[in-house]
There are 2 protein chains.
Amino acid sequence: MGKEKKEGGNEKHKSEGIITKKAENLSDWYSEVVQKGGMADYSPIRGFMIIRPHAYSIWQGIQDYFNKVLKDKGVKNAYFPLLIPDSFFKREAQHAEGFAPELAYVQGSEDGEKLALRPTSETIMYDAYSKWVRSWRDLPLKINQWANVIRWEVKQTKPFIRTREFLWQEGHCVFSDEEGAIENMEDIIGEYQRLLEEVLAIPIIRGKKSEMEKFPGARTTMTIEAIMPDGKALQCGTSHNLADNFAKAFNVMFKDKDEKEHYAYQTSWGFSTRLIGALIMVHGDDKGLILPPRIAENKAVIVPILFEDSKTKVLKKCAEIAKKLEGIGALLDEREGYSPGWKFNEWELKGIPLRIEIGPKDMDKKQVTVVRRDNGKKEQISEGKVVERVKEILEEMQGEMYKKAEKFLHSRIDEAKTFKELEKKLKEGKVVKVYMANNKEVEAELKDKTGGATSRIIEVVSKEGKCIISGENVKTVGYVAKSY
Amino acid sequence: MGKEKKEGGNEKHKSEGIITKKAENLSDWYSEVVQKGGMADYSPIRGFMIIRPHAYSIWQGIQDYFNKVLKDKGVKNAYFPLLIPDSFFKREAQHAEGFAPELAYVQGSEDGEKLALRPTSETIMYDAYSKWVRSWRDLPLKINQWANVIRWEVKQTKPFIRTREFLWQEGHCVFSDEEGAIENMEDIIGEYQRLLEEVLAIPIIRGKKSEMEKFPGARTTMTIEAIMPDGKALQCGTSHNLADNFAKAFNVMFKDKDEKEHYAYQTSWGFSTRLIGALIMVHGDDKGLILPPRIAENKAVIVPILFEDSKTKVLKKCAEIAKKLEGIGALLDEREGYSPGWKFNEWELKGIPLRIEIGPKDMDKKQVTVVRRDNGKKEQISEGKVVERVKEILEEMQGEMYKKAEKFLHSRIDEAKTFKELEKKLKEGKVVKVYMANNKEVEAELKDKTGGATSRIIEVVSKEGKCIISGENVKTVGYVAKSY
């Protein structure tokens with residue numbers, strides 16, 4: 001970098017890079033990236049996390065995007081209480097059974113009743129719905145809330161992926177018939193897929209959950225599942241057709257045009273801060289995070305390459321370029337006392353999509369140097385074209401990140417005809433398509449025999465085959481994998 | 001309305017208007033407006049509320065506005081855990097004493113420690129700050145969170161005004177010296193004032209809290225207080241200079257340029273969904289809510305005046321005008337089966353700033369009729385000027401709502417020289433300026449003797465006067481009132 005003395009050689013305040021290789025130990029690598037990348041910190045209480053600003057900006061980006069989707073669909077945001085009377089959980093039998101082990105309660109009781117911290121809000125919302133819904137004129141009712149939820153996990157926790165408190169959105173809609181509910185369930189899972197694919201650049205597999213894996217209290221659950229680098233599936237969002245199960249339990253009824261009272265049909269659907277965990281695992285590399293441009297709050301960082309004799313004019317040029325790129329969310333890292341190399345490492349660790357270097361040599365050529373975070377490709381861009389070209393590069397990067405992840409996903413989907421083959425492929429980190437009966441007994445045995453694998457989605461197919469567990473003839477194929 | 005048969009005479013599904021007069025019984029009027037105006041509903045658990053979409057849209061408007069303010073100031077959003085180890089509350093003595101009565105705990109314990117639901121997050125955030133802050137380079141640190149908080153109120157609750165759970169923002173900043181903290185405290189209280197005055201059209205008095213009324217653990221608390229129609233003050237936002245009190249309790253230290261370790265200086269500041277309660281009480285009238293245009297998600301509602309023979313063309317015109325007004329957030333109420341009068345009442349109840357009536361007579365004159373919610377003034381606007389004029393009317397309305405509220409506020413501020421005079425003026429619903437010593441003993445006596453009045457703000461003045469309680473000479477003047 002020339003003979004001149006560089007400013008800012010102070011490497012004492014050093015940013016510590018990632019030590020663990022992603023391919024060698026995914027779990028350790030993940031912990032390091034989460035902490036050193038400034039995404040989350042551990043709380044003094046086991047299983048809870050602090051969502052730091054860098055990660056929270058991703059959550060806000062997701063909220064902004066999805067609030068627009070909700071608005072277009074006429075879904076309105078509201079807020080329901082954190083505390084739910086214990087008796088509410090007992091009204092829908094499957095729901096009660098499903099959530100009982102994870103409920104946390106407030107000390108003492110109110111009017112003789114224990115109060116649970118919400119693990120999900122079907123019960124308290126539908127108690128209100130039973131008062132709000134009177135007539136066919138009140139339907140459809142479409143409400144969403146952004147909230148924190150508490151599930152007292154016994155499994156080992158992992159920031160974003162599995163924590164005792166997380167942030168999420170939960171949508172709860174009411175329709176006059178089951179067709180309306182089914183349509184809504186499918187529409188929303190499609191929106192979730194679009195969010196993952198088009199914004200987060202995460203490819204997914206999508207389908208229905210098996211009897212064992214569906215939401216407690218739902219008739220049907222649809223899911224989107226991403227595949228992590230270790231071949232484990234990560235459930236990224238679910239949408240449920242609750243049919244009239246909860247309407248019967250909570251008395252959500254409406255007078256239809258026939259002047260008679262009918263039970264309503266309902267849906268619920270949600271995704272959580274777990275998406276941030278998916279983003280980290282799918283895109284990150286040995287240098288740290290890689291944020292897809294569309295979700296990055298800061299899409300580029302300008303790093304001045306400073307030498308004593310050209311410092312003033314380079315900083316001036318950097319400010320000028322930063323001003324031009326303000327609209328796309330470019331940062332200017334003018335901090336003194338840090339070398340360019342130190343800054344490069346820090347922004348790589350944090351996954352900012354583009355680095356823009358500007359030094360005296362670039363200035364002589366009236367250009368800037370742009371470096372892509374995902375593949376390290378450098379490109380010189382003439383100053384006059386910087387806004388236009390940076391925008392293009394960001395879109396190229398978004399597309400290529402998706403394609404790379406998609407290629408990986410496809411490489412991990414396989415199939416098996418025998419249980420032995422299934423076991424072998426699971427060990428290779430594959431998601432394995434197998435014929436299996438869609439019932440709890442078969443799936444419990446599958447889970448037991450594979451040491452934890454379950455069907456992530458289950459599909460009805462036209463051609464019959466033998467269930468890999470029971471040997472009976474079935475027309476259902478499961479995508480079997482271990483999962484987070 | 002002409003001789004033609006009106007469509008939609010179905011008044012069975014009737015919107016129930018407000019029965020109580022605001023001037024006669026503010027408390028009953030408030031409850032009615034909150035419920036019938038679709039703002040909140042009671043939860044099955046005492047002291048908790050459901051924030052319904054109409055009120056939540058106001059909260060989102062406040063969030064959007066304030067998130068821009070935060071971003072401009074370099075304050076970043078994050079999220080800290082709901083549950084806080086009990087021992088954290090005991091580290092700062094005044095804080096512990098102040099919050100102990102309102103703490104709710106989770107059943108059981110974790111690693112032998114009781115876990116409290118956050119009533120505010122100083123303690124858990126500063127525990128993290130003690131790890132994050134190392135050097136002067138890390139300062140200032142500016143973090144905010146939007147969250148739910150739980151305070152187990154024993155006083156009677158009231159939706160938005162006092163509830164056991166509410167939503168708020170809490171900002172927590174760290175500086176290298178107290179000047180930085182003081183500047184931040186003052187800057188933020190100024191931003192709160194701007195939000196109230198310019199967005200919510202709520203005038204306030206602003207100043208410092210007395211020793212008794214300040215935040216537990218703060219050196220200084222600044223407050224903005226709005227005056228409700230009954231003369232009671234409503235604290236709408238506070239900003240605290242915590243000095244190094246919490247830094248010492250939580251060990252928030254940094255190495256300064258002198259290479260020595262120093263305690264940091266901190267601020268915290270917050271406002272809550274209580275602002276929605278202020279909005280309702282300050283602006284509402286006997287017909288229901290009145291939303292200031294700048295915070296109303298829907299700033300106008302178009303109501304077609306339909307007759308059989310002109311129905312199609314009127315609806316077409318309404319759609320055309322609605323399209324033109326899309327950018328300002330206009331609704332088109334095309335619902336069938338409801339008369340225009342019914343719709344007028346409903347939208348008045350909900351406080352939508354403008355009603356735009358379009359009927360065959362308006363069409364003949366190529367005009368629309370605009371009615372302001374706050375004063376009922378009607379105005380005919382020619383179709384070509386509708387966008388421009390509607391925008392103007394909205395701004396006029398915003399300004400006049402503020403002026404009206406400001407006039408009321410000024411009419412309620414008075415002063416007293418004797419305790420008898422103070423008592424009399426408090427009974428008249430005044431906020432009364434009196435000389436009073438700024439100490440806990442005097443204020444406790446004041447509170448006791450007046451049946452609950454306290455100083456809402458306290459000012460240092462140049463001219464000495466006699467304390468209205470102790471008779472001693474003091475240079476401090478309190479604004480005394482009862483409060484919510």
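Tutor: Of the 484 residues of chain A, 49% count as buried. This is a predicted model, in which local features need pLDDT of at least 70, side-chain atom pairs count only at pLDDT 80 or more, and totals for chains, interfaces and linings use all residues. Residues are numbered from 1 along each chain as its sequence is written, while chains are lettered from A and ligands numbered from 1 in the order in which they are written.

Student: Why is A:Phe160 called buried?

Tutor: A residue is buried if 20 or more other C-beta atoms lie within 10 Å of its own, exposed if 12 or fewer, and partly exposed in between, with C-beta atoms placed from the backbone. A:Phe160 has 27 other C-beta atoms within 10 Å, so it is buried. Its place is the loop between strand 6 and strand 7 of chain A.

Student: What makes A:Ala243 partly exposed?

Tutor: A:Ala243 has 19 C-beta neighbours inside 10 Å, and therefore counts as partly exposed. A:Ala243 belongs to strand 10 (residues 233–243) of chain A. Helices (H or I, at least four residues) and strands (E, at least two) are DSSP runs, numbered from the N terminus.

Student: How do you know whether the radius of gyration of chain A agrees with that of a compact globule?

Tutor: The radius of gyration is taken over C-alpha atoms, and the globule rule is 2.2 Å times the number of residues to the power 0.38. For 484 residues the rule gives a value near 23 Å; chain A has 26 Å, which therefore agrees.

Student: What makes up the side of chain A that touches chain B?

Tutor: Two residues are in contact if their C-beta atoms, placed from the backbone, lie within 7 Å. The contact takes 36 residues from chain A and 36 residues from chain B. Helix 2 of chain A gives the most to the side of chain A that touches chain B, with three residues. The residues of that side divide into 21 nonpolar, seven polar and eight charged. Here Ala, Val, Leu, Ile, Met, Phe, Trp, Tyr, Cys and Pro count as nonpolar, Asp, Glu, Lys and Arg as charged, and the others, Gly among them, as polar.
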